[in-house]
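Here is a short report on packing and backbone geometry.

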Amino acid sequence: MTKQKKILFGLTGSIACYKACTVISALIKANYEVQVVATDSALKFVGEATLEGLTGKPVISNSFLRGHMMDHIRLAREADLFVIAPLTSHHIGALAHGLADDFISTLVLAYEPHKPIIVAPAMNVVMWQAPIVQQNIAALRQRNFKILWPNEGVLACGEEGVGKMQEPEQILAAINASLTEAPTATSPSPELSRPTQANTKVLVTFGGTRELIDGVRSLANTSTGHTGALICDALVAKGFDVVGLHSQDAELPKTAGAASRLQLLPFTTAQDLDQTLRETLVAHKFNAVIHLAAISDFAVDHLETKGEKYQPSENLKLSSTEPLTIVLKPAKKILHSIKEYAHNPMLPVIAFKLTKSKDQEANLQAAQKLFLKNQASTPMVDFVVHNDETEIDRTRGEHPFRLLSADGRGESLSSTTDLALKLTEIIRDLPKLSNSTDLNKGPL
Ligand SMILES: Cc1cc2nc3c(=O)[nH]c(=O)nc-3n(C[C@H](O)[C@H](O)[C@H](O)COP(=O)(O)O)c2cc1C
């Protein structure tokens, strides 16, 4: 007779606790021994009577129960699997930082790291997309937590997006897979074992930055985000995991409403983009970056009107009847920092150069300037996609590109669709190098 497997089942405070009851019930029916541990918040969503009724065992939520003071060690040693579903943003942070101020977090620290642990985050879409939550998730992934990526749909709060806890049958499938596979610390997590290119993660920046003048006015550029949206769609269609940093008003990828493989984070100003880019490159391991956001070369330094100086501010509305002087300052060149932010001089970066001149030689030189070497003597970018405004006819859908590589090769592409497809091919061939060497390792 095979030994009954022991599952520690943690619940934290989310509406999705009701779905966890279905999972627990199915585990009991499948003859697993289940010990439920819950936070105080979780017990506001489902009652102890339900959980004890389902498992036949008292729920543990208190670390300091007389006669059970060492349960956090005993239960951790006895368990074959630890599942936390739902996992709140609060506990994602606590676990990522090794906090142990309640029973669940103490139990996680006491649980041997070679044993499997599965977590199913659940929360509002904006909470899920918060860079700090993503950084904490990245930290858990690095410690071999199996993260059941939240689904996309209408959330309990009424908003739509990624954040729904996976459905009971998905969680059960992950539990069964984990308990039947060899318990190695390096076995791939369910969300990583997707087919095709899912282990390849690409960061795409697109749309144009907007620099604040006052509460109703800004400096913008003509970028629509169209090319970036198509590139994201092409990558998702080929099975890549994509994080898209996009301007607030950019055209969004068509897959945005349907693909859990695509995560979108908005930005407004160049400074905003710089910060989001830095945080995202620290939080995730990317196989490539496609940087086509059109960044303002200047930000507003200060404003002068009626002999007074002002700083640009949301709270200001300048008079339209007085002459106004806007003093600009050069903006930071974000492109120069991508490999540095990723702590990986070998991270493949594809940059874009838009020119507006019929002088093809000068255009080529302007594009090739981007291959400039950085302090580590590696090129700041590995490919440059050049396009020229004078050759684009948007009404007829004509948009030629020239793809240049750091080793001097060039290829012409006649449309945005062709370009998007070509980029998926380039990235498909890159992971062999960047996955195997795993150089894009942030400090986490
Ligand atoms: C109705 C309601 C629903 C909530 N749903 C979630 C949720 O799905 N995910 C989440 O991270 N926090 C959610 N919260 C907030 C958490 O319950 C709160 O941060 C709590 O302190 C988390 O405690 P715990 O992580 O110790 O269980 C919700 C709060 C309320 C009142």
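## Ser 14 and its surroundings

Leaving out residues up to four places away in sequence, Ser 14 touches Phe 45, Pro 86, Thr 88, Ala 122 and Met 123. The model is a predicted one. Ser 14 sits in the loop between β1 (6-11) and α1. Is Ser 14 buried or exposed? Ser 14 counts as buried, because 27 C-beta neighbours lie inside 10 Å and the cut-off for buried is 20 or more.

One of the contacts of Ser 14 is Pro 86. Pro 86 belongs to strand β3. The peptide bond that joins Ala 85 to Pro 86 is cis, with omega about 0°. In general, most peptide bonds are trans.

## Two nonpolar cores

The largest nonpolar core holds 57 residues. Which of them touch the most other members? They are Ile 7, Val 36, Val 83, Ala 85 and Val 119. Strand β3 (residues 81-87) contributes the most to this core, with six residues.

Beyond its neighbours within four places in sequence, Val 36 is in contact with Phe 9, Leu 11, Ile 24, Leu 51, Thr 55 and Val 59. A second, separate core has 50 residues. Its members include Val 202, Val 243, Ile 350 and Ile 427.

## Helix pairs

| Helix pair | Axis separation | Crossing angle |
|---|---|---|
| α1 (residues 17-29) and α3 (residues 48-55) | within 9 Å | roughly 20° |
| α8 (residues 131-142) and α11 (residues 270-283) | 8 Å | about 15° |

Take α1 and α3 first. Their axes cross at roughly 20°, so α1 is roughly parallel to α3, as angles under 35 degrees count as roughly parallel. The crossing of α1 and α3 is right-handed. From α1, Cys 21, Ile 24, Ser 25 and Ile 28 meet Thr 50, Leu 54 and Thr 55 of α3. By class, this contact of α1 with α3 has four nonpolar residues, three polar and no charged. Ile 24 and Thr 55 take part in this contact, and both are also in contact with Val 36.

Now α8 and α11. With an angle of about 15°, α8 is roughly parallel to α11. The crossing of α8 with α11 is left-handed. On the α8 side, the contact uses Pro 131, Gln 134, Gln 135 and Ala 138. On the α11 side, it uses Thr 276, Glu 279, Thr 280, Val 282 and Ala 283. The contact of α8 with α11 divides into four nonpolar, four polar and one charged residues.

## Positive phi in two loops

Most residues other than glycine have a negative phi. Asn 31 has a positive phi of about 70°, yet is not a glycine. Asn 31 lies in the loop between α1 and β2 (33-38). Asn 31 is exposed, because 9 other C-beta atoms lie within 10 Å.

Lys 306 also has a positive phi, near 50°. Lys 306 is placed in the loop between β14 (298-305) and β15 (308-310). Lys 306 is exposed too, with 10 other C-beta atoms within 10 Å.

Methods: Residues are numbered from 1 along each chain as its sequence is written. This is a predicted model: local features need pLDDT of at least 70, side-chain atom pairs count only at pLDDT 80 or more; totals for chains, interfaces and linings use all residues. A nonpolar core is a set of buried Ala, Val, Leu, Ile, Met, Phe, Trp, Tyr and Cys residues joined through C-beta atoms within 7 Å. A residue is buried if 20 or more other C-beta atoms lie within 10 Å of its own, exposed if 12 or fewer, and partly exposed in between; C-beta atoms are placed from the backbone. Helices (H or I, at least four residues) and strands (E, at least two) are DSSP runs, numbered from the N terminus. Two residues are in contact if their C-beta atoms, placed from the backbone, lie within 7 Å. Axes are lines fitted to C-alpha atoms, for helices over the stretch in contact, and angles run from 0 to 180 degrees between N-to-C directions. Angles under 35 degrees count as roughly parallel, over 145 as roughly antiparallel, 65 to 115 as roughly perpendicular and the rest as oblique. A crossing is left-handed if the near helix is turned anticlockwise from the far one by less than a right angle, and right-handed if clockwise. Ala, Val, Leu, Ile, Met, Phe, Trp, Tyr, Cys and Pro count as nonpolar, Asp, Glu, Lys and Arg as charged, and the others, Gly among them, as polar.
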